[in-house]
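Please look through the structure below alongside this note. The points that follow take up its aromatic rings, its sheets and its helices in turn.

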Amino acid sequence: MRLYSVIIPIYNRPQEIDELLESLTRQTYTNFEVLVIEDGSSEKCEHIVQKYADQLNVQYYFKENSGQGFSRNFGFEKAKGDYFIVFDSDCLIPEHYFQAVEDYLAEHKADAFGGPDKAHASFTPMQKAISYSMTSPFTTGGIRGNKKHYGTFHPRSFNMGISKEVFEKVGGYKITRMGEDLEFSMRIIKAGFKTALIPDAYVYHKRRTSLPQFYKQLHFFGRARINVGRFYEAEVKLFHWFPALFTLGFITLPFWSAVNVYLSIAAYSVYGLFFLLNFVSSLAQNKNLHVAVLSIATSFVQLFAYGVGFLTELGRKLVVG
């Protein structure tokens, strides 16, 4: 049986770690350790971690704040497992997760892996709508929730596993924020290691956020794609420009109205179709009218905010390098 080391960086979110650790107590495969890395929080979670000391092989570490990437490195250095698995603190882990990973690795070669994120039935309508937009084929999030994906799979740190050998040969995160997981995945792949998407190794991503907070997060993601391009310029591909084009097109809608009525109708129709597709798709997926309506807003915010962040960081890169 493989030993898995779970690395969870956390910053001022004690309630999240409580729910995450509780979900880990229900795993059907139990040969894993848990390392909670407190990244200089003022709201510490040590007392919550101690609640689970009799149910989990769990260790708590407090360190000075350095960001999530370097906090994961701290955990890698302490880990004893054959594979290291990173979760975001706002994830809930279904009881079959480790068994799904173990079964997959028994039949397939994978040096690094990841899984989708999904919405749990208990999530609020807003959480379900955000989860939809982050996994929808009509936004940039399709690969996070589907068995098929574009090109080589790049594991993301909300749900990411690496072998001990990967860490020993590649090292950990080189940057601590703004695309740190993408840069890490790209470095793993360029070193010749094999990555895999394990569809059944999904997590429930319980994003505690509002639309303004969601905008801020996706704006950051857009900036992160350009930041990663500073390390691997070829990894900013044509399809990564889609949110930027979406954003520019929306901003210029009044211009088309002034130029030509038919161009204006065509432009507005494109965005109308986008809203309709997301509404219908979300309604089919969630079977909830409220969530479907909210999904129109979250899908728009997802693309628009990402596009603004992408263009903002691109402009900064062109000016200052």
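**Note on the predicted model**

1. The count comes to 27 aromatic pairs, where rings of Phe, Tyr and Trp (its six-membered ring) pair if their centres lie within 6.5 Å, and where planes under 30 degrees apart count as stacked, over 60 as edge-to-face and the rest as tilted. One of these pairs is formed by Phe76 and Phe184, and it is tilted, with 6.4 Å centre to centre and 35° between the planes. This pair links distant parts of the chain, since Phe76 belongs to helix α3 (residues 68-78) and Phe184 to helix α7, 108 residues apart. Helices (H or I, at least four residues) and strands (E, at least two) are DSSP runs, numbered from the N terminus.

2. Before going on, please keep in mind that this is a predicted model, in which local features need pLDDT of at least 70, side-chain atom pairs count only at pLDDT 80 or more, and totals for chains, interfaces and linings use all residues. Residues are numbered from 1 along each chain as its sequence is written, and side-chain values use heavy atoms, with hydrogens and water left out.

3. Are Phe76 and Phe184 buried or exposed? Phe76 is buried, because its relative accessible area is 2%, and Phe184 counts as buried at 0% (buried means under 20% relative accessible area, exposed over 50%, partly exposed in between, with a 1.4 Å probe and protein chains only).

4. An open sheet of 7 strands has the order β3-β2-β1-β4-β8-β6-β9, with mixed pairing; two strands pair if DSSP finds at least two bridges between them. Its edge strands are β3 and β9 (195-197), each of which pairs on one side only.

5. Within this sheet, strand β2 (residues 32-39) and strand β3 (residues 58-63) run parallel and are joined by 6 bridges, and Ile37 stands opposite Tyr61 in β3. From β2 the chain crosses through helix α2 (residues 46-51) to β3 in a right-handed β-α-β crossover, meaning that, with the strands pointing away from the viewer, the path from the first strand over the helix to the second runs clockwise.

6. Strand β6 (residues 112-114) and strand β8 (residues 159-163), by contrast, run antiparallel and are joined by 3 bridges, with Gly161 in β8 as the bridge partner of Phe113. Phe113 also belongs to one aromatic cluster, whose members include Tyr4, Tyr29 and Phe32.
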